[in-house]
Amino acid sequence: MAALPPYAGPLERSWYYGFRVLCGLIFLFLIMPILVIVPLSFNAEPYFTFNESMLRLEPEAYSLRWYEDIFNNPQWVHSIKNSFIVAIFSTLLATFLGTLAALGLSRAYMPYRTAVMGVLISPMIVPLIITAAGMYFFYSKIGLAQTYLGLILAHTALGTPFVVITVTATLVGFDHSLTRASASLGADPTRTFFKVIVPLILPGVISGALFAFITSFDEVVVVLFLAGFEQRTIPRQMWAGIREQISPTILAVATLLITFSIVLMSVLEGLRRRNERLRGIRST
Amino acid sequence: MAEITADQTVITTADGVPLKSRLAQAERRKKIAAFALVLPLLAFILITFIVPILDMTFRSVDNPVVAETLPRTLAALETWKFGEVPDEPVFAILAEEMVAGSKARTIGKVATRLNYEMPGSRSTITKTARRLKRIKQGPYKEAFLKIDKKWGDPDLWARLKQIGAPYTLSYYLAAVDMQYDAEGNIVSQPEDRQIYVPLFVRTLWVSLLITGLCLLLAYPIAYLMATLPTGISNLLMIMVLLPFWTSLLVRTTSWIVLLQTEGVLNDIAVWLGLIGDDNRLQMIYNMTGTVIAMVHILLPFMVLPLFSVMKTISPSYMRAARSLGATPPRAFWTVYFPQTVPGIGAGSILVFILAIGYYITPALVGGRTGQLISNFIAFHMQKSLNWGLAAALGGILLLGVLALYWLYNRIVGIDNMKLG
């Protein structure tokens, strides 16, 4: 597929181009929904489709009014604040617990490795509606429903599998003679940990943290069941907006979220490259 | 040589302890150290996640309402035989407990519980409880029958006794469209109330369809990305990862904008003259909407494992097959395709697991016909408040997902799960 060989016949040639067109269409399917929403969020009219003046690129057809709407609406501002509070705290907790567990899981002497791993990854696999229902009953019983703490704990549980997976993946190629070398040069275990292990696993830790952050930031099912009005997050607010009456403000929020995810994705890609460079893997 | 006894061959350390037990000791210490690192997270997940789910599953068999509200009536019914209407003493006890129950506001729950098994009987209980407050003395049997003649129906008493058991399977039976009849035999629900088995079948079928469509769409682009030079394939990878990283609700919103009758795709089709302005296509708020949006959302989960498998396949295999005289389709089918099967397996199980429990997208774009099992669990949790049935439906779904998870672990291994 890399390049069309010069001896290719007409059938092969048409297949080659046909295949690329097909792939182009699939990529269009993937990316179109995200691209369409961005220009529509600048629509001056409260409609969800392109009108003629927008297509003629007239400046009057575009406006920032829906963006102003977000920041003039106390509910949206409050939910943005909530989303960051919950996501940041649950990310910190998930990263700490997950990294510690990954360090243990990667040791050769870890007993019941598969079973423990199975339990730790399960929050990612169990359907969210079941998780949410279970948490709703249990957290109500112990007085954590409709509190920030309850929501943070729930999101931490959902985020830890990502941290465990990414950090264990970083540790797979970890060369244990490095820690022995450090010890033989006189460093105590704490110093070895911070000077040798941490710099090497840091890319994995950060990308795990990003996954945990986006999991919490994007989560809505558990929020629906567990959060009160006071704890409404951005996705919860969007959910209400889509269900009740969809306004272009939602498109503006969506555009902001897309920008945000592009930033997160670039950070992650940068980390991946750094990780490869550190470990001496060169992409070919 | 044969005379050397076992204890002579034991190697000891300097202080006389057998080396073997020293080694075992050291190993045990290392095991404990490793486990100590995992323990905080394990405890955290157990308390915040596993216990709540077990607690919910327990709800699907837990049946305390009647046993707690009418304990003495149930005791009095101990000797009651099926097909009879009990005598005055039982009615007297029941009257007393019903009055107490309506004071404690638990009688409504009993009425609801009875109504699950015997539709239409809720009012019998609530009405009787209300009017009993004014009746100060017997004979109670007559008074009961005067309030509602259903009290003369032996079936009602059979049901009351049935739901008096502290644990029940009736929620699970309801979740598979079965029920107990008055005599306690397991029978199917009446035809018009059989909704859950078709719903499970529909959920399975839609998940399979979504998995199939994802595979169909993911295979070509994963192949293209795996065979193109790294620079271009990285660029294309961004187009896969961007949707993956974009909020679920954003993507669902986009599909509403694109697919609705006044939406972008319909507008384009009208503008191109493909369809008339007055018969725009209904592509959303039905099953079509659910399937399209879910394929889009789950597609990256199929592309990523396929891509990582295809990347390891050397192009020289295909070249070798061609040079040995295989036509391109044959070379692909007998040489390339079999090597991608692990990726297909990993991606398919992952997409299927995620699809089968999906809630948000069907709830927002599914309309009336595009609802899946998760939506009914949410309905019973939030609207009908039949938590036992919600827990039983959830229990069945959970069992299915855990079986698939086990399969995934066997085939792929959770350690090999890759992200991004």
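Colleague: At what angle do helix 4 and helix 7 of chain B pack?
Modeller: This is a predicted model, where local features need pLDDT of at least 70, side-chain atom pairs count only at pLDDT 80 or more, and totals for chains, interfaces and linings use all residues. Residues are numbered from 1 along each chain as its sequence is written, with chains lettered from A and ligands numbered from 1 in the order in which they are written. Helices here are DSSP runs of H or I, at least four residues, numbered from the N terminus. Helix 4 (residues 88-103) and helix 7 (residues 140-147) of chain B have axes 8 Å apart, and the angle is about 70 degrees.

Colleague: Why is helix 4 of chain B called roughly perpendicular to helix 7 of chain B?
Modeller: Axes are lines fitted to C-alpha atoms, for helices over the stretch in contact, and angles run from 0 to 180 degrees between N-to-C directions. Angles of 65 to 115 degrees count as roughly perpendicular. The pair packs at about 70 degrees, so helix 4 of chain B is roughly perpendicular to helix 7 of chain B.

Colleague: Which residues of helix 7 of chain B make the contact with helix 4?
Modeller: Two residues are in contact if their C-beta atoms, placed from the backbone, lie within 7 Å. Helix 4 of chain B brings Glu88(B), Phe91(B), Ala92(B) and Ala95(B). From helix 7 of chain B come Tyr140(B), Lys141(B) and Phe144(B).

Colleague: Is Ala254(A) buried or exposed?
Modeller: Ala254(A) sits in helix 12 of chain A. A residue is buried if 20 or more other C-beta atoms lie within 10 Å of its own, exposed if 12 or fewer, and partly exposed in between. Ala254(A) has 26 C-beta neighbours inside 10 Å, so it counts as buried.

Colleague: Which residues of chain B are in contact with Ala254(A)?
Modeller: Leave aside neighbours within four places in sequence. In chain A, Ala254(A) then touches Ile37(A) and Ser41(A).

Colleague: Which helix of chain A gives the most to the side that touches chain B?
Modeller: The contact takes 79 residues from chain A and 75 residues from chain B. Several helices of chain A each supply at least two residues, including helix 9 (189-218) and helix 12 (248-278). With 14 residues, the top contributor is helix 1.

Colleague: How far apart are the C-alpha centres of domain 1 and domain 2 of chain A?
Modeller: Domain bounds come from an automatic or database domain assignment. Chain A has domain 1 (31-63) and domain 2 (73-276). Their C-alpha centres are separated by 35 Å.

Technical notes. Angles under 35 degrees count as roughly parallel, over 145 as roughly antiparallel, 65 to 115 as roughly perpendicular and the rest as oblique.
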